[in-house]
Amino acid sequence: MRDLAKHVLFLVVMGGVCGGLLHFANAITKADIDKNRLLAQHQLVTELVGSDKFTDLVVDSTPAGDCTNGLLLKQIVPGYAGPIEFLIYQRISPEVLRIRAVAHRETPGIGDFIDSRRDDYLPAKDKYTVLEWRALDGVTGATVTSAALRAAVWKALVVVSEKCGGDI
Amino acid sequence: MSDFSDAFIARNPAWIQLLGLCPLLAVSNSVANALGLALASTFVVVGSNVLIAAVRGGIPEFARLPVFVLIIATFTTLTTLLLEAYAYELYLKIALFVQIIVTNCMILGRAEAFASKQPVGRAFMDALGTGLGFAVALLILGAVREVVGQGTLFAELDVLLGPVAQNWQFDFAVSPLPIAQYPPGAFIVAGLLLALGKRLFFRRSGHQDDGTLNILDTTDSQ
(Lines give C-alpha, C1' and ligand atoms only; values in the text may rest on other atoms or scores of the structure.)
Protein backbone atom coordinates (compact mmCIF):
# COMPACT_ATOMS: atom_id res chain seq x y z
CA MET A 1 0.00 0.00 0.00
CA ARG A 2 2.85 2.32 0.92
CA ASP A 3 4.63 1.45 -2.33
CA LEU A 4 1.50 2.19 -4.30
CA ALA A 5 1.13 5.60 -2.66
CA LYS A 6 4.79 6.32 -3.41
CA HIS A 7 4.33 5.36 -7.06
CA VAL A 8 1.19 7.46 -7.40
CA LEU A 9 2.94 10.43 -5.82
CA PHE A 10 5.88 10.01 -8.24
CA LEU A 11 3.57 9.89 -11.26
CA VAL A 12 1.67 12.98 -10.08
CA VAL A 13 4.93 14.88 -9.54
CA MET A 14 6.27 13.80 -12.97
CA GLY A 15 3.04 14.88 -14.63
CA GLY A 16 3.28 18.21 -12.82
CA VAL A 17 6.94 18.74 -13.80
CA CYS A 18 6.25 17.95 -17.47
CA GLY A 19 3.08 20.06 -17.50
CA GLY A 20 4.92 22.92 -15.83
CA LEU A 21 7.74 22.78 -18.37
CA LEU A 22 5.25 22.95 -21.23
CA HIS A 23 3.27 25.73 -19.57
CA PHE A 24 6.47 27.75 -19.16
CA ALA A 25 7.56 27.10 -22.79
CA ASN A 26 4.10 28.02 -24.04
CA ALA A 27 4.17 31.27 -22.08
CA ILE A 28 7.52 32.40 -23.49
CA THR A 29 6.84 31.35 -27.10
CA LYS A 30 3.15 32.24 -27.48
CA ALA A 31 3.67 35.83 -28.63
CA ASP A 32 6.21 34.82 -31.29
CA ILE A 33 4.10 31.90 -32.50
CA ASP A 34 0.99 34.08 -32.83
CA LYS A 35 3.02 36.70 -34.70
CA ASN A 36 4.46 34.07 -37.08
CA ARG A 37 1.03 32.55 -37.76
CA LEU A 38 -0.51 35.94 -38.44
CA LEU A 39 2.33 36.93 -40.76
CA ALA A 40 2.05 33.62 -42.64
CA GLN A 41 -1.71 34.17 -43.00
CA HIS A 42 -1.15 37.70 -44.29
CA GLN A 43 1.31 36.39 -46.88
CA LEU A 44 -1.19 33.77 -47.99
CA VAL A 45 -3.99 36.35 -48.21
CA THR A 46 -1.79 38.66 -50.28
CA GLU A 47 -0.89 35.73 -52.55
CA LEU A 48 -4.57 34.81 -52.93
CA VAL A 49 -6.03 38.25 -53.46
CA GLY A 50 -3.11 39.72 -55.39
CA SER A 51 -2.89 42.75 -53.10
CA ASP A 52 -2.65 43.44 -49.39
CA LYS A 53 -6.09 45.05 -49.08
CA PHE A 54 -7.48 42.16 -47.00
CA THR A 55 -4.58 41.54 -44.68
CA ASP A 56 -5.99 43.65 -41.85
CA LEU A 57 -9.24 41.73 -41.80
CA VAL A 58 -9.80 38.94 -39.34
CA VAL A 59 -10.70 36.01 -41.54
CA ASP A 60 -13.01 33.31 -40.28
CA SER A 61 -15.89 31.36 -41.74
CA THR A 62 -17.79 34.64 -42.10
CA PRO A 63 -16.68 36.16 -45.39
CA ALA A 64 -14.54 39.27 -45.33
CA GLY A 65 -14.77 41.82 -48.14
CA ASP A 66 -17.71 42.41 -50.43
CA CYS A 67 -19.32 41.04 -53.57
CA THR A 68 -17.65 43.64 -55.81
CA ASN A 69 -14.06 43.30 -54.64
CA GLY A 70 -14.37 39.67 -53.76
CA LEU A 71 -14.92 37.65 -50.61
CA LEU A 72 -12.32 35.98 -48.50
CA LEU A 73 -13.29 33.20 -46.13
CA LYS A 74 -11.89 30.37 -44.12
CA GLN A 75 -13.23 26.83 -44.31
CA ILE A 76 -12.26 24.01 -41.99
CA VAL A 77 -12.98 20.53 -43.34
CA PRO A 78 -11.95 17.08 -42.12
CA GLY A 79 -8.82 15.70 -43.78
CA TYR A 80 -7.01 12.38 -43.49
CA ALA A 81 -5.04 13.28 -40.37
CA GLY A 82 -7.18 15.97 -38.80
CA PRO A 83 -8.92 19.14 -39.84
CA ILE A 84 -7.62 21.10 -42.82
CA GLU A 85 -7.95 24.86 -42.74
CA PHE A 86 -8.43 26.42 -46.17
CA LEU A 87 -8.47 30.08 -47.12
CA ILE A 88 -10.64 30.80 -50.14
CA TYR A 89 -10.92 33.96 -52.22
CA GLN A 90 -13.84 34.27 -54.62
CA ARG A 91 -14.81 37.14 -56.88
CA ILE A 92 -17.93 37.08 -59.04
CA SER A 93 -16.83 39.36 -61.85
CA PRO A 94 -14.35 38.79 -63.30
CA GLU A 95 -14.73 35.30 -61.96
CA VAL A 96 -11.96 34.14 -59.67
CA LEU A 97 -11.79 31.32 -57.14
CA ARG A 98 -8.45 30.73 -55.46
CA ILE A 99 -7.72 28.48 -52.54
CA ARG A 100 -4.80 27.79 -50.21
CA ALA A 101 -4.30 25.47 -47.25
CA VAL A 102 -3.41 27.44 -44.13
CA ALA A 103 -2.95 24.52 -41.76
CA HIS A 104 -3.02 20.76 -42.26
CA ARG A 105 -1.46 17.50 -41.13
CA GLU A 106 -1.84 15.50 -44.34
CA THR A 107 0.66 12.75 -45.13
CA PRO A 108 3.92 14.18 -46.52
CA GLY A 109 4.49 13.16 -50.13
CA ILE A 110 0.88 11.99 -50.57
CA GLY A 111 -1.67 14.43 -49.19
CA ASP A 112 0.51 17.50 -48.88
CA PHE A 113 -0.07 18.55 -52.50
CA ILE A 114 -2.56 21.05 -51.03
CA ASP A 115 0.32 22.86 -49.33
CA SER A 116 1.42 25.64 -51.68
CA ARG A 117 4.78 25.85 -49.88
CA ARG A 118 5.57 22.32 -51.08
CA ASP A 119 3.58 21.87 -54.25
CA ASP A 120 2.35 23.99 -57.14
CA TYR A 121 -0.97 22.11 -57.34
CA LEU A 122 -3.20 24.90 -55.95
CA PRO A 123 -1.31 27.96 -57.28
CA ALA A 124 -1.50 26.36 -60.75
CA LYS A 125 -5.29 26.50 -60.47
CA ASP A 126 -5.52 30.19 -59.62
CA LYS A 127 -7.21 30.90 -62.97
CA TYR A 128 -9.74 28.08 -62.74
CA THR A 129 -13.37 29.04 -63.16
CA VAL A 130 -16.04 27.84 -60.74
CA LEU A 131 -17.07 25.24 -63.31
CA GLU A 132 -13.54 23.92 -63.51
CA TRP A 133 -13.33 23.76 -59.71
CA ARG A 134 -16.59 21.84 -59.59
CA ALA A 135 -15.28 19.36 -62.13
CA LEU A 136 -12.04 18.91 -60.21
CA ASP A 137 -10.88 15.31 -60.09
CA GLY A 138 -9.23 13.62 -57.11
CA VAL A 139 -5.53 12.93 -56.73
CA THR A 140 -4.65 9.25 -56.79
CA GLY A 141 -3.62 8.00 -53.36
CA ALA A 142 -5.04 11.03 -51.60
CA THR A 143 -8.77 10.35 -51.79
CA VAL A 144 -9.64 11.91 -48.43
CA THR A 145 -7.50 15.01 -49.01
CA SER A 146 -9.01 15.49 -52.47
CA ALA A 147 -12.51 15.12 -51.04
CA ALA A 148 -11.64 17.69 -48.36
CA LEU A 149 -10.50 20.14 -51.02
CA ARG A 150 -13.72 19.65 -53.02
CA ALA A 151 -15.79 20.00 -49.83
CA ALA A 152 -14.08 23.28 -48.95
CA VAL A 153 -14.69 24.66 -52.44
CA TRP A 154 -18.33 23.58 -52.32
CA LYS A 155 -18.93 25.11 -48.87
CA ALA A 156 -17.32 28.35 -50.03
CA LEU A 157 -19.52 28.43 -53.13
CA VAL A 158 -22.62 28.01 -50.98
CA VAL A 159 -21.58 30.82 -48.63
CA VAL A 160 -20.74 33.20 -51.47
CA SER A 161 -23.95 32.31 -53.31
CA GLU A 162 -26.00 33.08 -50.20
CA LYS A 163 -24.29 36.42 -49.75
CA CYS A 164 -23.98 37.62 -53.33
CA GLY A 165 -26.63 35.61 -55.12
CA GLY A 166 -26.10 33.67 -58.30
CA ASP A 167 -26.04 29.96 -59.02
CA ILE A 168 -23.52 27.62 -57.57
CA MET B 1 35.08 2.55 -25.56
CA SER B 2 33.57 5.55 -23.83
CA ASP B 3 29.82 5.93 -23.66
CA PHE B 4 30.01 8.75 -26.18
CA SER B 5 32.08 7.04 -28.87
CA ASP B 6 30.26 3.77 -28.33
CA ALA B 7 26.92 5.49 -29.03
CA PHE B 8 28.35 7.68 -31.78
CA ILE B 9 30.22 5.05 -33.83
CA ALA B 10 29.85 1.44 -32.72
CA ARG B 11 26.11 1.73 -32.11
CA ASN B 12 25.33 4.59 -34.47
CA PRO B 13 21.52 4.67 -34.43
CA ALA B 14 21.16 5.30 -38.16
CA TRP B 15 24.00 3.47 -39.89
CA ILE B 16 24.55 0.54 -37.52
CA GLN B 17 21.17 -0.03 -35.85
CA LEU B 18 19.01 1.37 -38.67
CA LEU B 19 16.75 3.15 -36.18
CA GLY B 20 14.71 6.27 -36.88
CA LEU B 21 14.69 5.59 -40.59
CA CYS B 22 11.30 7.23 -41.24
CA PRO B 23 12.41 10.79 -40.38
CA LEU B 24 15.94 10.04 -41.58
CA LEU B 25 14.77 9.27 -45.10
CA ALA B 26 11.87 11.72 -45.22
CA VAL B 27 13.62 14.88 -44.06
CA SER B 28 17.10 14.39 -45.48
CA ASN B 29 16.45 15.95 -48.90
CA SER B 30 18.55 18.99 -48.02
CA VAL B 31 21.19 19.98 -45.48
CA ALA B 32 18.90 22.67 -44.02
CA ASN B 33 16.08 20.22 -43.31
CA ALA B 34 18.52 17.57 -42.08
CA LEU B 35 20.20 20.04 -39.71
CA GLY B 36 16.83 21.13 -38.30
CA LEU B 37 15.75 17.58 -37.54
CA ALA B 38 19.23 16.68 -36.28
CA LEU B 39 19.20 19.52 -33.75
CA ALA B 40 15.64 18.70 -32.70
CA SER B 41 16.37 14.98 -32.27
CA THR B 42 19.59 15.63 -30.36
CA PHE B 43 17.83 18.05 -28.01
CA VAL B 44 15.05 15.55 -27.34
CA VAL B 45 17.33 12.54 -26.80
CA VAL B 46 19.71 14.46 -24.51
CA GLY B 47 16.96 16.19 -22.51
CA SER B 48 14.81 13.10 -22.07
CA ASN B 49 17.73 10.78 -21.23
CA VAL B 50 19.11 13.16 -18.61
CA LEU B 51 15.70 13.59 -16.96
CA ILE B 52 15.01 9.85 -17.06
CA ALA B 53 18.42 9.11 -15.52
CA ALA B 54 17.81 11.73 -12.84
CA VAL B 55 14.50 10.23 -11.73
CA ARG B 56 15.26 6.58 -12.55
CA GLY B 57 15.13 5.51 -8.90
CA GLY B 58 11.50 6.59 -8.54
CA ILE B 59 10.08 5.25 -11.79
CA PRO B 60 7.71 2.36 -10.98
CA GLU B 61 8.50 -0.75 -13.00
CA PHE B 62 4.88 -1.15 -14.15
CA ALA B 63 4.71 2.46 -15.44
CA ARG B 64 8.18 2.53 -17.00
CA LEU B 65 7.16 2.98 -20.63
CA PRO B 66 4.37 5.53 -20.02
CA VAL B 67 6.79 7.65 -17.96
CA PHE B 68 9.45 7.45 -20.70
CA VAL B 69 6.91 8.45 -23.33
CA LEU B 70 5.60 11.30 -21.12
CA ILE B 71 9.12 12.70 -20.75
CA ILE B 72 10.03 12.24 -24.43
CA ALA B 73 6.72 13.81 -25.50
CA THR B 74 7.39 16.78 -23.23
CA PHE B 75 10.77 17.45 -24.84
CA THR B 76 9.32 16.88 -28.31
CA THR B 77 6.55 19.42 -27.65
CA LEU B 78 9.11 21.87 -26.25
CA THR B 79 11.13 21.50 -29.44
CA THR B 80 8.05 22.01 -31.61
CA LEU B 81 7.12 25.20 -29.72
CA LEU B 82 10.65 26.59 -29.98
CA LEU B 83 10.84 25.83 -33.71
CA GLU B 84 7.44 27.38 -34.37
CA ALA B 85 8.44 30.49 -32.44
CA TYR B 86 12.01 31.02 -33.64
CA ALA B 87 12.45 29.11 -36.94
CA TYR B 88 8.98 29.27 -38.48
CA GLU B 89 10.00 28.60 -42.10
CA LEU B 90 11.83 25.47 -41.07
CA TYR B 91 8.96 24.50 -38.77
CA LEU B 92 6.56 24.58 -41.74
CA LYS B 93 8.83 22.19 -43.64
CA ILE B 94 9.71 19.64 -40.97
CA ALA B 95 7.05 20.06 -38.27
CA LEU B 96 5.40 16.71 -38.86
CA PHE B 97 8.68 14.85 -38.51
CA VAL B 98 9.62 16.77 -35.38
CA GLN B 99 6.30 15.80 -33.82
CA ILE B 100 6.87 12.10 -34.52
CA ILE B 101 10.24 12.19 -32.76
CA VAL B 102 8.17 11.07 -29.80
CA THR B 103 7.75 7.66 -31.43
CA ASN B 104 11.37 7.43 -32.61
CA CYS B 105 12.58 4.05 -31.41
CA MET B 106 16.13 5.41 -31.24
CA ILE B 107 15.12 7.70 -28.34
CA LEU B 108 12.87 5.25 -26.54
CA GLY B 109 15.54 2.58 -27.05
CA ARG B 110 18.24 4.63 -25.31
CA ALA B 111 15.85 5.51 -22.50
CA GLU B 112 14.99 1.86 -21.90
CA ALA B 113 18.42 0.31 -22.48
CA PHE B 114 20.69 2.92 -20.94
CA ALA B 115 19.32 6.06 -19.30
CA SER B 116 16.96 4.21 -16.97
CA LYS B 117 19.89 2.20 -15.56
CA GLN B 118 22.77 4.68 -15.47
CA PRO B 119 23.69 7.87 -13.61
CA VAL B 120 23.05 11.27 -15.19
CA GLY B 121 26.60 11.84 -16.45
CA ARG B 122 26.80 8.56 -18.37
CA ALA B 123 23.26 8.97 -19.69
CA PHE B 124 24.20 12.44 -20.93
CA MET B 125 27.29 11.20 -22.79
CA ASP B 126 25.39 8.28 -24.29
CA ALA B 127 22.54 10.54 -25.41
CA LEU B 128 24.97 13.07 -26.85
CA GLY B 129 26.73 10.33 -28.83
CA THR B 130 23.41 8.92 -30.02
CA GLY B 131 22.05 12.33 -31.01
CA LEU B 132 25.22 13.45 -32.78
CA GLY B 133 25.58 10.06 -34.47
CA PHE B 134 22.07 10.43 -35.84
CA ALA B 135 22.83 14.05 -36.77
CA VAL B 136 25.95 13.15 -38.74
CA ALA B 137 24.06 10.41 -40.61
CA LEU B 138 21.27 12.87 -41.41
CA LEU B 139 23.67 15.57 -42.57
CA ILE B 140 25.69 13.24 -44.82
CA LEU B 141 22.51 11.90 -46.39
CA GLY B 142 21.08 15.43 -46.70
CA ALA B 143 24.25 16.75 -48.36
CA VAL B 144 24.45 13.91 -50.90
CA ARG B 145 20.75 14.12 -51.76
CA GLU B 146 20.83 17.91 -52.09
CA VAL B 147 23.88 17.87 -54.37
CA VAL B 148 22.60 15.00 -56.53
CA GLY B 149 18.93 15.98 -56.51
CA GLN B 150 19.09 19.78 -56.65
CA GLY B 151 22.64 20.60 -57.73
CA THR B 152 23.10 22.80 -54.64
CA LEU B 153 24.63 22.55 -51.20
CA PHE B 154 23.66 24.48 -48.05
CA ALA B 155 20.63 26.04 -49.81
CA GLU B 156 18.14 27.82 -47.51
CA LEU B 157 20.30 27.40 -44.43
CA ASP B 158 19.25 30.93 -43.47
CA VAL B 159 15.83 29.63 -42.37
CA LEU B 160 17.66 27.99 -39.49
CA LEU B 161 20.85 30.00 -39.01
CA GLY B 162 19.59 33.46 -39.94
CA PRO B 163 20.78 36.04 -42.49
CA VAL B 164 24.44 35.14 -41.92
CA ALA B 165 23.88 31.92 -43.88
CA GLN B 166 22.23 33.56 -46.89
CA ASN B 167 25.36 33.42 -49.03
CA TRP B 168 26.53 29.97 -48.03
CA GLN B 169 24.85 28.21 -50.93
CA PHE B 170 27.05 26.40 -53.46
CA ASP B 171 25.69 25.76 -56.93
CA PHE B 172 27.09 22.86 -58.91
CA ALA B 173 27.13 22.94 -62.69
CA VAL B 174 25.65 19.48 -62.99
CA SER B 175 22.23 18.35 -64.12
CA PRO B 176 20.23 17.43 -61.00
CA LEU B 177 18.86 13.91 -60.68
CA PRO B 178 15.44 14.68 -59.16
CA ILE B 179 14.82 11.11 -57.96
CA ALA B 180 17.36 11.75 -55.20
CA GLN B 181 14.88 14.22 -53.70
CA TYR B 182 12.07 11.67 -53.52
CA PRO B 183 11.55 8.67 -51.22
CA PRO B 184 12.91 6.05 -53.69
CA GLY B 185 16.05 8.15 -54.09
CA ALA B 186 16.36 8.40 -50.32
CA PHE B 187 16.37 4.60 -50.02
CA ILE B 188 18.92 4.23 -52.83
CA VAL B 189 21.30 6.90 -51.52
CA ALA B 190 20.96 5.64 -47.93
CA GLY B 191 21.65 2.06 -49.07
CA LEU B 192 24.77 3.11 -50.98
CA LEU B 193 26.06 5.20 -48.06
CA LEU B 194 25.35 2.35 -45.65
CA ALA B 195 27.29 -0.08 -47.84
CA LEU B 196 30.17 2.39 -48.16
CA GLY B 197 30.21 3.01 -44.41
CA LYS B 198 30.25 -0.70 -43.62
CA ARG B 199 33.02 -1.28 -46.13
CA LEU B 200 35.19 1.52 -44.71
CA PHE B 201 34.45 0.68 -41.08
CA PHE B 202 35.11 -3.03 -41.36
CA ARG B 203 38.23 -2.56 -43.50
CA ARG B 204 39.72 -0.02 -41.07
CA SER B 205 38.80 -1.86 -37.89
CA GLY B 206 39.75 -5.26 -39.26
CA HIS B 207 36.34 -6.68 -38.31
CA GLN B 208 35.09 -9.69 -40.22
CA ASP B 209 31.80 -8.71 -41.73
CA ASP B 210 29.48 -11.66 -42.12
CA GLY B 211 27.26 -9.58 -44.36
CA THR B 212 24.39 -9.31 -41.92
CA LEU B 213 23.22 -6.44 -39.81
CA ASN B 214 22.35 -7.35 -36.27
CA ILE B 215 19.94 -4.49 -35.78
CA LEU B 216 18.39 -5.96 -32.66
CA ASP B 217 21.66 -6.05 -30.80
CA THR B 218 21.37 -3.11 -28.44
CA THR B 219 23.54 -4.63 -25.75
CA ASP B 220 25.17 -1.97 -23.65
CA SER B 221 28.50 -1.89 -21.94
CA GLN B 222 27.52 -1.35 -18.34
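Student: Okay, the radius of gyration is taken over C-alpha atoms, and the globule rule is 2.2 Å times the number of residues to the power 0.38. What radius of gyration does chain A have?

Tutor: Chain A has 21 Å, while a compact globule of 168 residues would have one near 15 Å. Keep in mind that this is a predicted model, where local features need pLDDT of at least 70 and side-chain atom pairs count only at pLDDT 80 or more, but totals for chains, interfaces and linings use all residues. Residues are numbered from 1 along each chain as its sequence is written, and chains are lettered from A and ligands numbered from 1 in the order in which they are written.

Student: What box do the C-alpha atoms of chain A fill?

Tutor: Roughly 75 × 35 × 30 Å, along the principal axes.

Student: And which elements is chain A built from?

Tutor: Three helices and four strands, in the order α-β-β-β-β-α-α from the N terminus. Both are DSSP runs, numbered from the N terminus: helices are H or I with at least four residues, strands are E with at least two.

Student: How many residues of each chain are in the contact?

Tutor: Chain A gives 17 and chain B gives 20. On the chain A side that touches chain B, nine are nonpolar, five polar and three charged. (Ala, Val, Leu, Ile, Met, Phe, Trp, Tyr, Cys and Pro count as nonpolar, Asp, Glu, Lys and Arg as charged, the others, Gly among them, as polar. Contact means C-beta atoms, placed from the backbone, within 7 Å.)

Student: Switching to chain B: at what angle do α3 and α4 pack?

Tutor: Helix α3 (residues 31-55) and helix α4 (residues 64-86) of chain B pack at about 145°, with axes 9 Å apart. Axes are lines fitted to C-alpha atoms over the stretch in contact, and angles run from 0 to 180 degrees between N-to-C directions.

Student: Which residues meet there?

Tutor: Among them, B:F43, B:V44 and B:L51 in α3(B) meet a set in α4(B) that includes B:F68, B:I71 and B:F75.

Student: Last one, B:Q118. Is B:Q118 buried or exposed?

Tutor: B:Q118 is buried, because it has 20 other C-beta atoms within 10 Å; 20 or more makes a residue buried, 12 or fewer exposed, and in between partly exposed.

Student: Where is B:Q118 found, and what does B:Q118 touch?

Tutor: B:Q118 sits in the loop between α6 (105-113) and α7 of chain B. Not counting residues up to four places away in sequence, B:Q118 touches B:A53 and B:A123. B:Q118 and B:R56 are 62 residues apart in sequence, but 8.3 Å apart in space, C-alpha to C-alpha.

Terms used: Two residues are in contact if their C-beta atoms, placed from the backbone, lie within 7 Å.
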